[in-house]
Amino acid sequence: AQLNRRHDLRSLARAEKLVLPSRERALVARLALTRAVALNGLGQVDEADAEVRRVLKSVPENAIEVRRDLWWMAGVIAFARRDLDSSASSLREALRLAERHRHHKSVAEISANLGMVEGRRGRIELARRLFNRMLRYKRRSGDLHGVGMALNELGRLDLHAGDLRDARHRF
């Protein structure tokens, strides 16, 4: 898998060179985001973070989906680094953009990521609200896998709080 990711990084670098002259900043940002995801997958977290931060400075304000995904990735990277404050801040910005764009799938997924962060920060009730939000979206869309993931996380929070009856119900 690492060889494929390294090959993908080289391909992305070539694609960036082709796109840069066209000044399509949103497309360049999307390519850089893909590069950051690959770097993060290779364990090169510092490089992935630098890539995301660099691109966030130049992506157009009206490229809401790309900005959302960049902030989302910034939150994921910060979580991997155990920087929970930065992760929460980045994910809140991604969630704000997802809500603004009315992208329900992203709202659900980002809510789940933020729920994990808030749970680790000890903000259990906030984490519950975020996972319940995910659960509502996943049920509405018929995403059974997502429903299961949300119930699992809610059950884990119940266990953490010592509520075995509710945890058993969710699992």
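This is a predicted model: local features need pLDDT of at least 70, side-chain atom pairs count only at pLDDT 80 or more; totals for chains, interfaces and linings use all residues.
Local features need pLDDT of at least 70, side-chain atom pairs count only at pLDDT 80 or more, and totals for chains, interfaces and linings use all residues. Residues are numbered from 1 along each chain as its sequence is written, and side-chain values use heavy atoms, with hydrogens and water left out.

**Overview. The protein has 9 helices and 0 strands.** Its pattern along the sequence is α-α-α-α-α-α-α-α-α. Helices (H or I, at least four residues) and strands (E, at least two) are DSSP runs, numbered from the N terminus. Of the 171 residues, 44% are buried. Buried means under 20% relative accessible area, exposed over 50%, and partly exposed in between (1.4 Å probe, protein chains only). The protein exposes about 9,900 Å², and carbon and sulfur atoms supply 50% of that area. Accessible areas come from the Shrake-Rupley method with a 1.4 Å probe; for residues, only the protein chains shown count as cover. Contact means heavy atoms within 4.5 Å. Among contacts between residues at least 6 apart in sequence, 47% join residues at least 24 apart.

**View 1. Helix H5 covers residues 84-101.** Its 18 residues should span 26 Å at 1.5 Å a residue, and the end C-alpha atoms are 25 Å apart, which agrees. The expected span is 1.5 Å times one less than the number of residues. Buried residues of H5 include Leu84, Ala88, Leu91, Leu95 and Ala98. An α-helix has 3.6 residues a turn, so residues three or four places apart point the same way. The buried residues of H5 pack against helix H3 (45-56), helix H4 (64-80), H6 and helix H7 (124-141). Just after H5, Arg102 takes a positive phi of about 55 degrees.

**View 2. Ser90 lies in helix H5.** Ser90 is buried, at a relative accessible area of 2%. Beyond its neighbours within four places in sequence, Ser90 contacts Arg53, Trp71, Ala74 and Gly75.

**View 3. Glu118 sits in helix H6 (residues 104-120).** Its relative accessible area is 0%, so Glu118 is buried. The Glu118 side chain makes a polar contact with the side chain of Arg92 (3.5 Å). A polar contact is a pair of N or O atoms within 3.5 Å; within protein, one must be able to donate a hydrogen and the other to accept it, and residues adjacent in sequence count only if both atoms are side-chain atoms. Leaving aside neighbours within four places in sequence, Glu118 is in contact with Ala88, Arg92, Arg123, Leu126, Ala127 and Leu130.

**View 4. Leu164 belongs to helix H9 (residues 164-170).**
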